[in-house]
Amino acid sequence: MIENILGSKTKIKILQFILKNEEFSIKQLSNTTNVDLSICIKDINDFISSKFVVKNNNQYLVNKNNEHYDSIFNLFFKENTIKFGLSSRRKKELQKMMPVLLEHKSAVIVMHHNADPDSLGSAVALSRGLANLGIKTDILAPAGISKQSANILKTYPYPILTKIEKTYPIYIVIDVCSTEQIGNLDIPKESKLFIIDHHKKGNLYDTAFAKITDMESHSTAKLVYQILMELKINVTKEISFFLLCGLVADTAFFKIADKHDFEITVQLLDTNKLEDIFSILWVPEDVSSRIAKVKAFKRLDAYKLGDLILVFSRTGSFESQIALTLVRSACNIAIVFNTKNDDIRISARMRHDLKGKLDLVQILKPIEKLINGSAGGHDMAASANGKNPKCVRDAKSVLIKELETKLKCKSKALN
Ligand SMILES: [Mn+2]
């Protein structure tokens, strides 16, 4: 396919070499590509006449202003440029954000409920980065930060607001995309909303003025790193530290990391030690969450779905940790309800072997009306928040039906 566009295999080899090297001589080109010197000379002359290559004394270099440069470069390196740097769609969104930020020079960065290291790390890294451009940002945790996040702030303290008294011209919602997850914070109509997130689309998605989102990304920290790179902002030791915290935590200590996560980690480790990040993120589990787990185990309601085990439980707190513990022990799917006076929070988790077969966000969607709220998150770790805590029984039966349809089998209660 690429040969049809560019011509012979030799020409492709020559192009690959040219694109990888800043400056080169024809001799170097011939030696490295094993292409005859006379062919190299002929091709280089062709590229010079098309202005693709420019001559610089006896050295040559690719003319990056040439209109063909991008398209040829993308043919070879498309995958890398999109995954490592920001894709062109996201670059356009950033170009939409920056003039507004530079005009107002003030914004608030909003993190999600119980802000985790990815939310906090991304927020602080972005805030520090934007300060370089004279943009002042406050960070708001409308529904608190997690224990791990509190530990991170012991190393590099940063003021985190729990309430805001004024309105801001710009709201940057980070690592989250739905109103319920940010404590139903009121975003004034006249303010502009930016979203930087790697979760499934939430209810804020369509109201945003600009958004840099990537559901394929394992962390929001990766997106923030790409943004800072794009803005040519110096990634200091402190910024690297915060980004590493987010990336390490959200890849589950690299268990689900891909090659780009490792590439970024390598860059960030120039100034930080991985062992420091690991020890900061490792927070011993305290007795209150262990008690919540034991209580939730006592309230288990279990079903067999073919070869799978589905469990429901109820708790007053720690619903996502409980669901995670359940799928790590014996269950394939765990759905845990946390009901308060006029609040309901549901956390759903599944085992890795169901990846691609089931999407928990889609499973939770049908109960949105019932709970009077919305569902979001990832295919393997989803959550829903709403305002009707009295619907647990009904929600359970809808969820069982939904899972029966998707998995094409009948459920059987395990008594
Ligand atoms: Mn995240």
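The following conversation walks through a predicted model of one protein chain with a manganese ion.

Trainee: To start, how many helices and strands are there in the protein chain?

Mentor: The protein chain has 17 helices and 14 strands. Please keep in mind that this is a predicted model.

Trainee: What does the C-alpha trace span along its principal axes?

Mentor: The C-alpha trace spans about 80 × 55 × 40 Å along those axes.

Trainee: And how many of the residues count as buried?

Mentor: The chain has 415 residues, and 49% of them count as buried. Val-124 belongs to helix H7, which covers residues 117-131.

Trainee: How far apart are Val-124 and Glu-368?

Mentor: In sequence, Val-124 and Glu-368 are separated by 244 residues. In space, their C-alpha atoms are 32 Å apart.

Trainee: Let us turn to the metal. Which residues are the protein donors of the manganese ion?

Mentor: The protein donors are Asp-118 (OD), Asp-175 (OD), His-198 (NE2) and Asp-250 (OD). They lie 2.2 to 2.3 Å from the manganese ion.

Trainee: What spacing do these donors follow along the chain?

Mentor: The spacing of the donors is D-x56-D-x22-H-x51-D. Asp-175 sits in the loop between strand E5 (170-174) and strand E6 (192-197), and His-198 in the loop between E6 and strand E7 (210-213), so this pair ties together parts that are 23 residues apart in sequence.

Trainee: Are Asp-175 and His-198 buried or exposed?

Mentor: Asp-175 counts as buried, at 1% relative accessibility. His-198 is also buried, and its relative accessible area is 2%.

Trainee: Changing topic: how many salt bridges are found in the whole structure?

Mentor: A search of the whole structure gives 14 salt bridges. As background, side chains of opposite charge can pair when their charged atoms come close.

Trainee: Which residue forms a salt bridge with Lys-136?

Mentor: The partner of Lys-136 is Asp-138, and their closest N and O atoms are 3.2 Å apart. Lys-136 is exposed, at 55% relative accessibility, whereas Asp-138 is buried, with a relative accessible area of 18%.

Trainee: What about Glu-404, which residue does it pair with?

Mentor: Glu-404 forms a salt bridge with Lys-410, with 3.6 Å between the closest N and O atoms. Here Glu-404 counts as buried at 13% relative accessibility, while Lys-410 is exposed, with a relative accessible area of 67%.

Trainee: And where does the salt bridge partner of Lys-355 lie?

Mentor: The side chain of Lys-355 meets that of Asp-379 in a salt bridge of 2.9 Å, N to O. Lys-355 lies in the loop between strand E11 (343-350) and helix H15 (360-364), and Asp-379 in the loop between strand E12 (373-377) and strand E13 (381-386), so the pair ties together parts that are 24 residues apart in sequence. Lys-355 is partly exposed, with a relative accessible area of 44%.

Trainee: Now the surface. Which residues gather in the patch of positive charge?

Mentor: That surface patch consists of Lys-295, Lys-298, Arg-299 and Arg-314. Of these, Arg-314 is found in strand E9, residues 308-315.

Trainee: Which residues form the nonpolar patch?

Mentor: Val-294, Phe-297 and Leu-300 form the nonpolar patch on the surface, and together they have about 240 Å² of accessible area. Leu-300 is in the loop between helix H13 (287-298) and strand E8 (301-305). At 35% relative accessibility, Leu-300 counts as partly exposed.

Trainee: One last topic, the backbone. What is the phi of Lys-51?

Mentor: Lys-51 has a positive phi of about 65°, although it is not a glycine. Most residues other than glycine have a negative phi. Lys-51 lies in the loop between helix H4 (37-49) and strand E1 (53-56), and it counts as exposed at 58% relative accessibility.

Trainee: And what is the phi of Phe-318?

Mentor: Phe-318, which is not a glycine, has a positive phi of about 55°. Phe-318 is in the loop between E9 and helix H14 (319-329). At 26% relative accessibility, Phe-318 counts as partly exposed.

Note on methods. Residues are numbered from 1 along each chain as its sequence is written. This is a predicted model: local features need pLDDT of at least 70, side-chain atom pairs count only at pLDDT 80 or more; totals for chains, interfaces and linings use all residues. Side-chain values use heavy atoms; hydrogens and water are left out. Donors are N, O and S atoms within 2.8 Å of the metal (3.2 Å for Na, K and Ca); water is not among the atoms, so sites may look incomplete. Helices (H or I, at least four residues) and strands (E, at least two) are DSSP runs, numbered from the N terminus. Buried means under 20% relative accessible area, exposed over 50%, partly exposed in between (1.4 Å probe, protein chains only). Patches are made of residues with over 30% relative accessible area and no salt bridge: like charges are joined within 9 Å, nonpolar side chains (Val, Leu, Ile, Met, Phe, Trp, Tyr) within 5 Å. Accessible areas come from the Shrake-Rupley method with a 1.4 Å probe; for residues, only the protein chains shown count as cover. A salt bridge is a side-chain nitrogen of Lys or Arg within 4 Å of a carboxyl oxygen of Asp or Glu. Lys and Arg count as positive and Asp and Glu as negative; His and the chain ends are not counted. The place of a charge is taken as NZ of Lys, CZ of Arg, CG of Asp or CD of Glu.
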